[in-house]
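Subject: Structure handover

Hello,

Please find the structure below, followed by notes on what was found in it.

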Amino acid sequence: MRYMVMHYQTQDMEDGVPPSPQLQAAIGAYMQEAAMSGVLLGGEGVASSAQGARVEVQDGAVRVLDGPFAEAKELIAGFAILEVGSLAEAVEHARRFALLVGSERVDVRRVIEMEDLQQAAPPEAAQ
């Protein structure tokens, strides 16, 4: 099963404070270990919200807001796609990473794959 793990910004991340060289090395070692074991399929960090935008759609009207956005702890800092055997295994990887980077919140969500959608489709839609 595939899971997406998303970790949230700390204020230092949002302010553009780079991790220490020691933390960068520890994150690199963890990511390499996960990749070599076949668990990590992909993952990246993202720049602060000051370098981004938000697109909001309401009743067909589109509004674009330039960053930065308030509440760093509500902003995604990065993601990883994991190939693991269970939610519990994905949660363990999320726990380890959250402790490593100091993130207060990490979401773990199963990735929906084509087979999931085909199983959920009504019989007439599958024809």
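To start with a detail at the end of a helix: Gly 102 comes after α3 and has a positive phi, near 80°. The model is a predicted one, so please read the notes below with that in mind.

The buried residues of α3 are Ala 90, His 93, Ala 94, Phe 97, Ala 98 and Val 101. Seen down the helix axis, they fall within an arc of 135°, so they line one face of α3. The face turned away from this buried side carries Ala 88 and Leu 99, which are exposed. Among the elements that cover the buried residues of α3 are β1, α1 (11–14), α2, β5 and β6 (106–110).

After α2 comes Gly 38, with a positive phi near 90°.

Next, the core. Which residues make up the largest nonpolar core? There are ten: Tyr 3, Val 5, Ala 34, Val 39, Leu 40, Ala 80, Leu 82, Val 84, Ala 90 and Ala 94. The elements that each give two or more residues to this core are β1 (2–8), β5 (76–83) and α3 (87–101). As a general point, nonpolar side chains in soluble globular proteins tend to be buried together. Not counting residues up to four places away in sequence, Leu 82 touches Met 1, Arg 2, Tyr 3, Val 5, Val 39, Leu 40, Ala 90 and His 93.

One loop residue is also worth a note. Ser 49 lies in the loop between β2 (40–45) and β3 (53–58). Is Ser 49 buried or exposed? Its relative accessible area is 9%, and because this is under the 20% cut-off, Ser 49 counts as buried. The side chain of Ser 49 makes a polar contact with the side chain of Glu 14, at 2.3 Å. With neighbours within four places in sequence left aside, Ser 49 is in contact with Glu 14, Gly 67, Pro 68, Phe 69 and Leu 75.

Finally, the protein as a whole. It has four helices and six strands, which follow the pattern β-α-α-β-β-β-β-α-β-α along the sequence. The radius of gyration is 18 Å, well over the 14 Å that the globule rule gives for 127 residues, so the protein is more spread out than a compact globule. Taken along the principal axes, the C-alpha atoms fill a box of roughly 55 × 45 × 20 Å. Of the 127 residues, 24% count as buried. Among contacts with a separation of 6 or more, 76% are between residues 24 or more positions apart.

Regards

Terms used
Residues numbered from 1 in each chain as written. Predicted model: local features only at pLDDT ≥ 70, side-chain atom pairs only at ≥ 80, totals over all residues. Heavy atoms only, no water. Core = buried A, V, L, I, M, F, W, Y, C linked by side-chain atoms within 4.5 Å. Buried < 20%, exposed > 50% of the residue type's maximum accessible area, 1.4 Å probe, protein only. Contact = heavy atoms within 4.5 Å. Polar contact = N/O pair within 3.5 Å; in protein donor to acceptor, adjacent residues only side chain to side chain. Rg over C-alpha atoms; globule rule 2.2 N^0.38 Å. Arc of directions from axis to C-beta.
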